[in-house]
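Welcome, and thanks for taking a look. Here is a short briefing to read alongside the sequence and the model.

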Amino acid sequence: RPRRSGPRTPHATKLARFLVPTVFALTALAAPAANAGDSVGVLVLKEHGVGSSSSAQAFVDKLIAEVAAKNGWGAAVGKYATSRKLAESWISAHKPDFGIMSLGAYLALRQVHKLSVVGQAVVKSAGGRQYFLVSKSATDLAGCKGKPLASDHLDDAKFVEGVVAGGDFKLADFEVMKTRRPVQTLKKVLRDEATCALVDDAQLASLGKLEGGSAVKSVWSSKKLPPMVVVAFGHVAGPAKTKFSASLGAICVGAGRGACAEAGISALRPATDASYKKVVKAYGG
């Protein structure tokens with residue numbers, strides 16, 4: 001394939017929520033997808049990602065140099081995005097080979113880009129594994145219905161209603177208040193601007209750090225959802241996908257243990273489409 005080139009793009013800050021070091025490690029191990037000297041394209045789509053990119057590049061450079069030397073391949077171009085709109089623009093321009101995505105983003109883009117699951121990334125404190133309705137005054141789901149509901153997770157109603165809620169509620173059951181940032185969602189409840197909030201596990205864990213957070217309780221919880229998804233785009237050949245998937249379990253052991261710990265990675269492991277069959281069905285195919 002022709003060599004790709006392009007400026008390095010900003011990435012989010014260190015540790016679990018920002019994932020860029022991990023993905024470049026994945027990219028390096030994806031060498032069978034490209035000949036020496038070719039550039040492997042990787043998209044990192046972590047929806048609701050926050051923070052600055054200033055400290056991430058040092059982790060990226062270190063991992064690229066180490067893993068590239070071991071695998072004997074030439075270059076990679078990557079993009080960290082926190083929205084599907086930005087991701088779609090980069091996909092169109094760069095035709096990436098692999099990616100690591102939030103669950104909702106994977107479900108939305110799966111058919112459009114013929115994505116196939118090759119692995120899972122279990123990331124410490126990344127959020128998105130379980131969702132909760134929280135409130136200071138309500139005591140159950142019924143107490144939230146008909147009342148103001150704040151959330152920064154309302155971009156995709158199909159995901160919220162089909163996958164998160166599992167049929168327990170519709171967004172039309174509430175007076176929806178869309179927020180832009182995770183902490184903003186929590187503060188809506190803390191300040192009594194919203195009766196309830198839809199949050200994920202990372203937000204729930206952060207409540208204790210906010211003044212007055214102990215007064216906010218979970219009144220409903222979703223089922224636990226699968227981890228973030230490591231994917232191959234439709235143009236990647238079968239043998240390359242198979243080799244790449246088989247390599248994932250070896251990344252966070254031995255010499256790679258430190259790099260994974262630095263990036264906040266609990267585990268990388270092979271997976272197939274079957275691992276996400278239930279959530280694909282709940283999303284609507």
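Are Phe169 and Phe174 buried or exposed? Both of these phenylalanines are buried. Please keep in mind that this is a predicted model.

**Aromatic pairs**

- The count of aromatic pairs comes to four.
- Phe169 and Phe174 make one of them: the ring centres are 5.4 Å apart and the planes meet at 80°, so this pair is edge-to-face.
- Phe169 also pairs with Trp220, again edge-to-face, at 5.1 Å centre to centre with 75° between the planes.
- Because Phe169 sits in the loop between helix H6 (157-164) and strand E7 (175-178) while Trp220 belongs to strand E9, this second pair ties together parts that are 51 residues apart in sequence.
- Trp220 is buried, as is Phe169.
- Taken together, Phe169, Phe174 and Trp220 are linked by ring pairs into a cluster.

- E5 pairs with strand E8 (residues 196-200) in the antiparallel sense over five bridges, and Val199 of E8 is the bridge partner of Phe132.
- E5 also pairs with strand E9 (residues 217-221), antiparallel too, over four bridges; in E9, Lys217 stands opposite Ser135.

**Nonpolar cores**

- Nonpolar side chains tend to be buried together in soluble globular proteins.
- The largest nonpolar core in this model has 42 residues.
- The residues with the most contacts inside this core are Leu43, Met101, Leu103, Tyr106, Leu107, Leu133 and Phe159.
- Helix H4 (residues 103-109) gives the most to this core, with five residues.
- Beyond its neighbours within four places in sequence, Met101 is in contact with several residues, including Leu43, Leu45, Tyr106, Met228 and Phe233.
- There is also a second, separate core of 20 residues, with Val40, Ala126, Ala232 and Ile251 among them.

**The disulfide**

- The structure holds one disulfide, formed by Cys144 and Cys196 with their sulfur atoms 2.1 Å apart.
- The torsion about the S-S bond of Cys144 and Cys196 is about -85°, so the disulfide is left-handed.
- Distant parts of the chain are linked by this pair, since Cys144 lies in helix H5 (residues 141-144) and Cys196 in strand E8, 52 residues apart.
- Cys144 and Cys196 are both buried.

**Gln120, a buried polar residue**

- Gln120 belongs to strand E4 (residues 116-123).
- Why does Gln120 count as buried? Its relative accessible area is 9%, and buried means under 20%.
- The side chain of Gln120 makes a polar contact of 2.8 Å with the side chain of Arg269.
- Another polar contact, of 3.2 Å, joins the side chain of Gln120 to that of Tyr276.
- Setting aside neighbours within four places in sequence, the residues in contact with Gln120 are Pro227, Met228, Val230, Ala267, Leu268, Arg269, Ala271, Ser275 and Tyr276.

Conventions. Residues are numbered from 1 along each chain as its sequence is written. This is a predicted model: local features need pLDDT of at least 70, side-chain atom pairs count only at pLDDT 80 or more; totals for chains, interfaces and linings use all residues. Side-chain values use heavy atoms; hydrogens and water are left out. Helices (H or I, at least four residues) and strands (E, at least two) are DSSP runs, numbered from the N terminus. Buried means under 20% relative accessible area, exposed over 50%, partly exposed in between (1.4 Å probe, protein chains only). A polar contact is a pair of N or O atoms within 3.5 Å; within protein, one must be able to donate a hydrogen and the other to accept it, and residues adjacent in sequence count only if both atoms are side-chain atoms. Contact means heavy atoms within 4.5 Å. Two strands pair if DSSP finds at least two bridges between them. A nonpolar core is a set of buried Ala, Val, Leu, Ile, Met, Phe, Trp, Tyr and Cys residues joined through side-chain atoms within 4.5 Å. A disulfide is a pair of cysteine sulfur atoms within 2.5 Å. Rings of Phe, Tyr and Trp (its six-membered ring) pair if their centres lie within 6.5 Å; planes under 30 degrees apart count as stacked, over 60 as edge-to-face and the rest as tilted.
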